[in-house]
Amino acid sequence: MPLPITKGEFNRLGDRLIAHENPSEADLAVLATALAAYQEVLGQVKVHLRDLGFAPTTRPKTTPTITDKLRRTHGMELSRIQDLAGARITVRNLTAQDEAKDKISEFYTAQGCRWREIDRRKDPRFGYRAMHLVVHFDGLPVEIQIRTELQDSWAQIFERLGDRWGRGIRYGQDPENPESIVRSGKSVYTRRELLALLMTLSNTIWSVELQRRAQEAIRHLLAELDSVLQQLQSRASPELSASKIPPDVVAGLNSIAFLKTRSEDLDTEDRELLAMAPSDLTQAQLRRLLEVSVGLLTHDNHVLAGKVATTEQQLRDILHVVAGATDEGA
């Protein structure tokens, strides 16, 4: 469903909306008709996302949020607001986030639709982290937010505070009445201090999710090394050297380069193995090197898992407390 008015008329409508504190009934009616077109396209995108195995949710744009965005971003045209139609999906972790982005973008590429990616994970916007895809479907842009569970928990809290303390906090501004007292569990903050805490929690979430990704990489590496060990054992021969081992097995040896940074954890004999070229190692020496690698990786994974689990639980506990923060006297 195309827009019921031209792009130029739509942008001029935006100019009129911000020029007057109380827009005319006629302009509000035109805006409602235009937004209905966006909602129709959004409905089709939601069907696509469900067919791809996701559970999308939406939060419709209101006239105040639209005019606020136009006023806040000088020179912004109404047709350039990319989230007039927006859907959101939540996934487990960073890996699932990347997989969802690839799956959705591949689908719309196959449909002949333009899309672009906005990655706000490494470069957050005032603490907000997520992966966005802006898909142009049936002539209109639809923003698809892809959040991890932790990113979504943080964003939901921040959005609710924005509704209570002023939408300016979403753009780095102080909350209304920044020194007002807020009670969060047994702790007391000012509004400004609680927002600072949320910024810190955003960074902690990023750190925890990167550590979770490191755990996944370690598990994958352990599986690779175990596969190489099995191949070595199945091709056992006292005279077999690395130069005679098939390329697929030798390739797996590249995975143990990390041992060079862990030499202090090895005994003299194993450190000597590290100093040798792979082509000079016997099969028994190669197998020993792999066994040492598996041992160290298993230990590292166990230690990392414990640290991450503890940090993540503490993080979730704090987010839960912050979510229940109340203004004193409220």
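This is a predicted model: local features need pLDDT of at least 70, side-chain atom pairs count only at pLDDT 80 or more; totals for chains, interfaces and linings use all residues.
Q: Why are β1 (57–58) and β3 (114–119) said to stand at the edges?
A: The five strands of this open sheet follow the order β1-β2-β5-β4-β3. β1 and β3 each have a single partner strand, so one side of each is left without a neighbour in the sheet.

Q: What makes the pairing of this sheet mixed?
A: Strands of a sheet pair through backbone hydrogen bonds, either parallel or antiparallel. Here β1 and β2 run antiparallel and are joined by two bridges, with arginine 88 in β2 as the bridge partner of threonine 57. β2 and β5, by contrast, pair in the parallel sense over six bridges, and arginine 88 stands opposite glutamine 145 in β5. The pairing of the five strands is accordingly described as mixed.

Q: How do you know which helix packs on the sheet?
A: The test is contact, meaning heavy atoms within 4.5 Å. α2 packs on the sheet, touching β1, β2 (86–91), β4 and β5 (140–148), and its direction makes about 45° with that of β5.

Q: What makes histidine 48 buried or exposed?
A: Histidine 48 lies in helix α2 (residues 25–51), and its relative accessible area is 15%. Buried means under 20%, exposed over 50% and partly exposed in between, with a 1.4 Å probe and protein chains only, so histidine 48 counts as buried. Leaving aside its neighbours within four places in sequence, histidine 48 is in contact with Phe107, Tyr108 and Phe137.

Q: Why is isoleucine 318 called partly exposed?
A: The relative accessible area of isoleucine 318, which lies in helix α9, is 37%, and because this value falls between the two cut-offs, the residue is partly exposed. Isoleucine 318 and serine 184 are 134 residues apart in sequence and 9.3 Å apart in space, C-alpha to C-alpha.

Q: Why is β2 called mostly covered?
A: Five of the six residues of β2 are buried. In the chain as a whole, 43% of the 330 residues count as buried.

Q: How do you know that α6 is roughly antiparallel to α9?
A: The axes of helix α6 (residues 191–234) and helix α9 (residues 283–323) come within 8 Å and cross at roughly 155°. Angles under 35 degrees count as roughly parallel, over 145 as roughly antiparallel, 65 to 115 as roughly perpendicular and the rest as oblique, which means that α6 is roughly antiparallel to α9. By class, this contact has 26 nonpolar, nine polar and five charged residues.

Q: Why are α4 and α6 called roughly perpendicular?
A: Helix α4 (residues 94–110) packs against α6 at an angle of about 85°, with the axes 8 Å apart, and the two helices are therefore roughly perpendicular to each other. The contact is made by Leu94, Thr95 and Asp98 of α4 and by Trp206, Glu209, Leu210, Arg213 and Glu216 of α6. By class, these are three nonpolar, one polar and four charged residues.

Q: What makes α5 roughly parallel to α9?
A: The axes of helix α5 (residues 149–165) and α9 come within 10 Å and cross at roughly 20°, which makes α5 roughly parallel to α9. On the α5 side, the contact is made by Glu149, Leu150, Ser153, Trp154, Ile157 and Arg160, and on the α9 side by Glu312, Leu315, Arg316, Leu319, Val322 and Ala323. These residues divide into seven nonpolar, one polar and four charged.

Conventions:
Residues are numbered from 1 along each chain as its sequence is written. Side-chain values use heavy atoms; hydrogens and water are left out. Axes are lines fitted to C-alpha atoms, for helices over the stretch in contact, and angles run from 0 to 180 degrees between N-to-C directions. Helices (H or I, at least four residues) and strands (E, at least two) are DSSP runs, numbered from the N terminus. Ala, Val, Leu, Ile, Met, Phe, Trp, Tyr, Cys and Pro count as nonpolar, Asp, Glu, Lys and Arg as charged, and the others, Gly among them, as polar. Two strands pair if DSSP finds at least two bridges between them.
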